[in-house]
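Work through the exercises below with the structure open beside you. Try each task before reading its solution.

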Amino acid sequence: MPEITIKDLSLRDYNLTDRVKNLKSAYFRAMPEICIERPTLITRFHLENGLFDKERIFILDKAKAYRFTLENRTPVVRHDRSYEKGMVPFKIKDTSLFAGSTTGKFKGVPLYPEFLALALWPELWTITKRKNNPFYLSEEDAKELNYNIFPHWMENTIQELSRKKYHPNEMKTFERLVFFLASKPNCISHTLPDFSKAVKKGLRAVINEAKDRRGVAKDDSQRKFYSAIAEALEGIIAYSRNLSKKAQEMADKETDPVLKKELFDIAKINNRVPEFPAQTFREGLTTVWICWTAIHLENPNVGMSLGRLDQVLCDLYRYDIEKGVITIAEAIELICCLWLKIGDHVPTIPDAGEQLFGGTGSNQAITIGGVDKDGRDAVNDLTYIMLRATEIMQLRDPNLNARYYPGVSLKGYLKRLCEVNVNTGATPALHNDKAVIKALTSKGEGIEQARDYGVIGCVEPGSNGRAYGHTGAILLNLTSALDLTLFNGRHRHTGMDLLISKETGDPTKFNTFDEFKNAFAEQSRWLVEQSSALNNIFGRIHQDFYPTPVLSALFEGPMEKGKDVIQGGAVINSSGATIIGLADVADSLSAIQKVVFEERGISFAELLDALNKNFEGYEALQKRLMNPDKTPKYGNEEPAADENVRWIIDMLDKSFGEKENYRGGHYRVGYWTMTNHAGFGRLMKAMPNGRKAHENFTSGITPVSAVTPVLTKALNSIAKQPVQCLSNGVALNLKYTPENGKGRDKMLENFAASVRAYFDGADGEIDSGNGGMEIQFNITTHDTFADAVAHPEKYPELLVRVSGYTAYFKDLNPQMQKEIIDRTEYLLSSGRAVDFEPFPLRE
Amino acid sequence: MASRLKRTLLNPISYILPDSGGNFITRLFSKSLQEELFGKITDKFLEILLYGMDFGFCISKGFRKNILVPAGCKQGENFKGRYLFMTADNLVSASAVFNDGNMTVYKEEIADWNVRITFKNAAALRAFLFSKNQDILNSLLANEVEVDGNLNYIYKFGFMARDLSRRLGVG
């Protein structure tokens, strides 16, 4: 167990330095700007090398494209201006301790024409002024995209290449948008590289290893792969050296001695790393940062995650502290600067995407704490340094995730995690090591691999740098499976005239609940088949046109196998699906079971009529269906309701689990919804659980809002669910009322106790490996949220947990804001839900 | 035939006019399109839009750039695209074919389209292409428009339609 040398775990004497304050202020002032440097360079390379005309693009060609782009991108050491609200330019005094950026802008929007950037085409003239999350785009750059970049990609996006080559029927289901979303047309992401090798050995050593392996490669494919690794890494080294040269030039001209030294330091560090092993903590951070920017050059950042940085960098930190190279204050400042750099870009989202994903950052998860490969407590000084930096920065990216192992992690650690949640209002998310490790080993991972998991994107666990899982490959709207069941293969969104899936029987003719359940299972399996088949098609197109040498260089497996991660090069090769609408569907099943089949209170025909009329004329029925005293609800320890949840989870795990992906691995299932529960909710009609048309669904694995009055019952219901069927992660979203003043200490104790109880599980046995997997919080009052809706300008930094990731409340669309405000809020001192009226939806 | 005649007459004029002049003339001769974009929408919306675009391509060299190989570009060719628009009840259909730097409008269905857009009604199509707070995906979400084929052609068409409305001073 690493020795904790920090005396005060809260590190409360360390605050934002002037440097960080200034950078943070500029960060919040800056509007995102679209950067066209990457698409310009990539398009140029494709044109000059005839890549658009090829039947297949090999990894070596792609690696050369990335090397070309890395060598030719502008090395920005200091940003000097950005745009603020109203798109007015302002000057920045950039004194970050790290050079370089994801794009050429201070806060950039990178574009990937290979993926979904073309969806922005109609908005090029208006995107600067759009209502939700506008992006600055100069007229000159808009013209460049319209005339010189986008046209070349019209036949060459992943989605179009897939359509042309395979003509998949599943594409039509996907394009109807209401059944499932598949994210491969937008990225290979939601995965977790490992920086240990880059930090400890340096990229030159990796290049040399690739060259050695090329010498003994067994075929041309392997030779090309190893050459590609060397090409891509040479590009990364060149970029860092270009930054070094630029910093040196600037230092030579700088007259301020302090700034001059800072620039010299950057020049020196970037000249050494990531090419050679990092010798200091700062060099280690710089290695991570430069490699991180290169990863984003290859792929859009959608849940790309950084892994266990407190483990990767711990030795360098301790060495520097012991030798007096840095102080704790300097280490915190470095982490703060890195956190800001990590958040220097926002995802490319078209206007409609704002409806589904509005306000999302890139969901770059960082994992701290937990146990090491041998099962020993791995929490170290750097864990607390990162917690403190997160606490004082309060940024949405990176998305901090803390691992906690009941019985192994120390009590003071859990209390500190709770305290940071109270102080930030929303972070970090907490993960139960025992349950997660059990979930991963149940899918065949070795115990050491499972113990070394990091969190990906929102909440998904993956073995650090070994598991290529694309955990967000499929987002499946389970409520659509219910709709298809209720209407015999039709869906109310697409109309009753259109048979979407298959007829599983007219439910008005079903005699038992089991008949209905079987029909629902069949419709669910149809959706699983559709979504996994399409994901596999997209995956194969990625293999043919979109090799990933940069990512492969930072994974365990590809080097040994001589194979790209997207060809199955990683050690573990799963794919991930996440389910939207679990609680709403489960409660609907329970309502049908109880009201239609057991009590025979109404006929199925009447229920359908009520749903079609959005409960107009059926107000009493709707009230009854919503009432937890009259209709069983998940989250109240009601056996029938909890059993329906368990049955769904088991059925989906089996259905997805038997599907093989395009890399020879299998699918895993999780329950985290980002903002999709609000987005899909907007499209869906009334449901048997009493939910009216267009209302939000419930997030993640959380029970439906306002029907679970007792906190312990809610936690127990969730903790009972089988973790081995939840291996792609879950998000349990809870809202606690902040208690200040005298009640604060007591609240922290209750807070920690509630987490411990949830992680131990209903059986209270911490060794069972059961218990809840994950929990995350919003610790903000209903009134504060309501005020933030009315006066967003007063709350620019109000941080919230959505369903997995953190976001700024002001950036969320009205539907998503309402969903967060309406979540069940518990007062910890009583353990009961607080009463409040549902928040009205703003137009 | 009419299109060819129009091009023969108008293209030479466009070359001697500044871009703003081309926009001005387009605006002058596109009153009905401006009304359709701004005011009450009629069943003629699609036809008026397509002919408006056709006219714009003829008279405005700035607008025409959208379908030409970029100046100085050694590779590539003028935009080629075949669009079929129709209503779900099959009562309205029209096609637009881009080839060799020109646009030709047909009042009937064409084969071998790159993309087929099936829309509920004229208002849905207008919302699909022009509405301020909507974009193409949003209309798909609302299930008012269905697209078959290459979505990227729709994105390009969406830009061109909005570019025209901008030149008309209504974008």
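**Exercise 1. Follow one lysine.** Leaving aside neighbours within four places in sequence, find which residues A:Lys172 is in contact with.

Solution. This is a predicted model. Start at A:Lys172 and skip its neighbours within four places in sequence; the contacts are then B:Glu146, B:Val147 and B:Asp148. Now take the partners in turn. A salt bridge needs a side-chain nitrogen of Lys or Arg within 4 Å of a carboxyl oxygen of Asp or Glu. The side chains of A:Lys172 and B:Glu146 form one, at 3.6 Å from N to O. Side chains of opposite charge can pair when their charged atoms come close. With B:Val147 the backbone takes part: its oxygen lies 3.0 Å from a polar atom of the A:Lys172 side chain. Last, look back into chain A. A:Ile500 is 328 residues from A:Lys172 in sequence, yet their C-alpha atoms are 9.9 Å apart.

**Exercise 2. Describe the interface.** How many residues of chain A are in contact with chain B, and what kinds are they?

Solution. Count first: 35 residues of chain A touch 32 residues of chain B. Then take the area. About 3,000 Å² is buried between the two chains, and carbon and sulfur atoms give 55% of that. A:Pro122, A:Trp125 and A:Tyr147 supply 22% of the area that chain A buries against chain B, more than any other three residues. Now count the links. There are four salt bridges between the chains, and eleven residue pairs are in polar contact. H4(A) gives the most, with five residues. Finally, sort the residues on the chain A side: 15 are nonpolar, eight polar and twelve charged.

**Exercise 3. Read the sheet in chain B.** In what order do the five strands of the open sheet in chain B run, and which stand at the edges?

Solution. Read across the sheet: the order is S3-S2-S1-S4-S5, with mixed pairing. S3 (102-106) and S5 (145-149) of chain B have a single partner strand each, so one side of each is left without a neighbour in the sheet. The twist averages 15° from one strand to the next. Strands of a sheet pair through backbone hydrogen bonds, either parallel or antiparallel. Check one pair: S1 (81-87) and S4 (115-119) of chain B run parallel and are joined by five bridges. Within this pairing, B:Phe85 stands opposite B:Ile117 in S4(B). H4 (45-59) of chain B lies across S1, S2, S3 and S4, at about 155° to S3(B).

**Exercise 4. Turn to chain A.** Find the edge strands of the seven-stranded open sheet in chain A, and find the salt-bridge partner of A:Asp544.

Solution. The strand order is S6-S7-S8-S15-S14-S18-S19, again with mixed pairing. S6 (365-369) and S19 (832-833) of chain A are the edge strands, each pairing on one side only. Inside the sheet, three bridges join the parallel strands S14 (733-736) and S15 (774-778) of chain A. There, A:Lys735 stands opposite A:Asn778. Now the salt bridge. A:Asp544 pairs with A:Lys165, the closest N and O atoms being 2.9 Å apart. Helix H21 (513-545) of chain A holds A:Asp544 and helix H5 of chain A holds A:Lys165, so numbered that they stand 379 residues apart.

Definitions and conventions. Residues are numbered from 1 along each chain as its sequence is written. Chains are lettered from A and ligands numbered from 1 in the order in which they are written. This is a predicted model: local features need pLDDT of at least 70, side-chain atom pairs count only at pLDDT 80 or more; totals for chains, interfaces and linings use all residues. Side-chain values use heavy atoms; hydrogens and water are left out. Contact means heavy atoms within 4.5 Å. Buried area is the accessible area (1.4 Å probe) that two parts lose on being put together, summed over both. A polar contact is a pair of N or O atoms within 3.5 Å; within protein, one must be able to donate a hydrogen and the other to accept it, and residues adjacent in sequence count only if both atoms are side-chain atoms. Helices (H or I, at least four residues) and strands (E, at least two) are DSSP runs, numbered from the N terminus. Ala, Val, Leu, Ile, Met, Phe, Trp, Tyr, Cys and Pro count as nonpolar, Asp, Glu, Lys and Arg as charged, and the others, Gly among them, as polar. Two strands pair if DSSP finds at least two bridges between them. Axes are lines fitted to C-alpha atoms, for helices over the stretch in contact, and angles run from 0 to 180 degrees between N-to-C directions.
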